[in-house]
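Q: Please take a close look at a single part of this model. Then go on from there to other parts of the chain.

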Amino acid sequence: MHSEPDRQSAQPVIQVRGLINRFGDLVVHDQLDLDLYQGEILGVVGGSGTGKSVLLRSIVGLQHPSAGTIRVLGEDLMALAPDERSRLEQRFGVLYQGGALFTSLNLAENIALPLIEHAGLSRPEAEELALMKLALTGLPPEAAKNHPSELSGGMVKRASLARALALDPEILFLDEPTAGLDPIGAAAFDELIVTLRDALGLTVFLVTHDLDTLYSTCDRVAVLSRQKVLVADTLDAVADTRDEWVQAYFHGPRGRAAMTAHERQNNTEPG
Ligand SMILES: Nc1ncnc2c1ncn2[C@@H]1O[C@H](COP(=O)(O)OP(=O)(O)OP(=O)(O)O)[C@@H](O)[C@H]1O
């Protein structure tokens, strides 16, 4: 069982302060603060367009913020030289919406690519390691020769996750990982995320709309609203927050169903 991170003494693995993101007249983030601690799974939620993906992209270095500081693994992202930033970026893995695998490559080649490019492995070494990464995400060895178009949505997600894990990252970023999966596939993927976090000691930043994912995986949840993090706390504390969107989201029909299912599952678990 995973133990709660000690937030009193711990230095955050990711520390966002005073983040501002603007696109022309559109202010997406205004003085946004957020901390992510070692070993936790933080769910990031919020209405459509509240800037969840822009926040993720800012932290992984794909979006240059208008202002603010972002410290990742102790480094000030904006102050790094390009080669230092590239070294830092190899310490995290990202699973983008849609997977972003190369369609012209088979799965083994897709996963081997970062190992060849960034870890300097030979092709045979990289493809052997790729098979291990595929196994880690629950894919059989015969899937290695398949191209993404030959696989189900769930298998593509797993393969994309295997690629995100190729360089043994310390932080995993997941953008809507269960979008497009059927409920059984989504539940299995949620379970996989928790298993990998526990086994590999990962810290996970997870953008989602999926209430079941929140209940089954997250240690804390951050709600984005009105350009800021409205609240970042345990699910129970967040669900109690007096805010129209939070109340509609957590206490509307889907929120109640997810909460009930989670409570039922906890009550039937042995131990
Ligand atoms: N590169 C960009 N240029 C201009 N506007 C952008 C850009 N990227 C994002 N936006 C705008 O910023 C806002 C936040 O986008 P973002 O994708 O982060 O929202 P989100 O919370 O992830 O939404 P959803 O839940 O619908 O995926 C949106 O209004 C979007 O149109």
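A: Gln 227 is found in the loop that lies between β9 (220–225) and β10 (228–233); helices (H or I, at least four residues) and strands (E, at least two) are DSSP runs, numbered from the N terminus. This is a predicted model, in which local features need pLDDT of at least 70 and side-chain atom pairs count only at pLDDT 80 or more, while totals for chains, interfaces and linings use all residues. Residues are numbered from 1 along each chain as its sequence is written.

Gln 227 is not a glycine, yet its phi is positive, at about 70 degrees. Gln 227 counts as partly exposed because it has 18 C-beta neighbours inside 10 Å; the class is buried if 20 or more other C-beta atoms lie within 10 Å of a residue's own, exposed if 12 or fewer, and partly exposed in between, with C-beta atoms placed from the backbone.

Leu 73 is another residue other than glycine with a positive phi, near 50 degrees. Leu 73 sits in the loop between β4 (67–72) and β5 (75–76) and is partly exposed, with 16 other C-beta atoms within 10 Å.

With 16 other C-beta atoms within 10 Å, Leu 80 is partly exposed. Apart from neighbours within four places in sequence, Leu 80 is in contact with Glu 75, Arg 85 and Leu 88; contact means that the C-beta atoms of two residues, placed from the backbone, lie within 7 Å. Leu 80 and Gly 51 are 29 residues apart along the chain, and their C-alpha atoms are separated by 24 Å.

The protein chain is divided into domain 1 (39–65 + 82–91 + 170–266) and domain 2 (99–168), with bounds from an automatic or database domain assignment. Eight residues from domain 1 and eight from domain 2 make the contact. On the domain 1 side, helix α6 (residues 183–200) gives the largest share, three residues. That side has five nonpolar, three polar and no charged residues. The domain centres, taken over C-alpha atoms, are separated by 24 Å.

Another packing site joins helix α3 (residues 107–119) and helix α4 (residues 123–136). The contact residues of α3 and α4 divide into eleven nonpolar, no polar and three charged. Ala 130 lies in helix α4 and counts as buried because it has 27 C-beta neighbours inside 10 Å. Not counting residues up to four places away in sequence, Ala 130 touches Ala 108, Ile 111, Ala 112 and Ala 144. Ala 130 and Ala 108 are 22 residues apart in sequence but 5.5 Å apart in space, C-alpha to C-alpha.

Notes:
Nonpolar A, V, L, I, M, F, W, Y, C, P; charged D, E, K, R; others polar. Axes fitted to C-alpha atoms, helices over the stretch in contact; angles between N-to-C directions.
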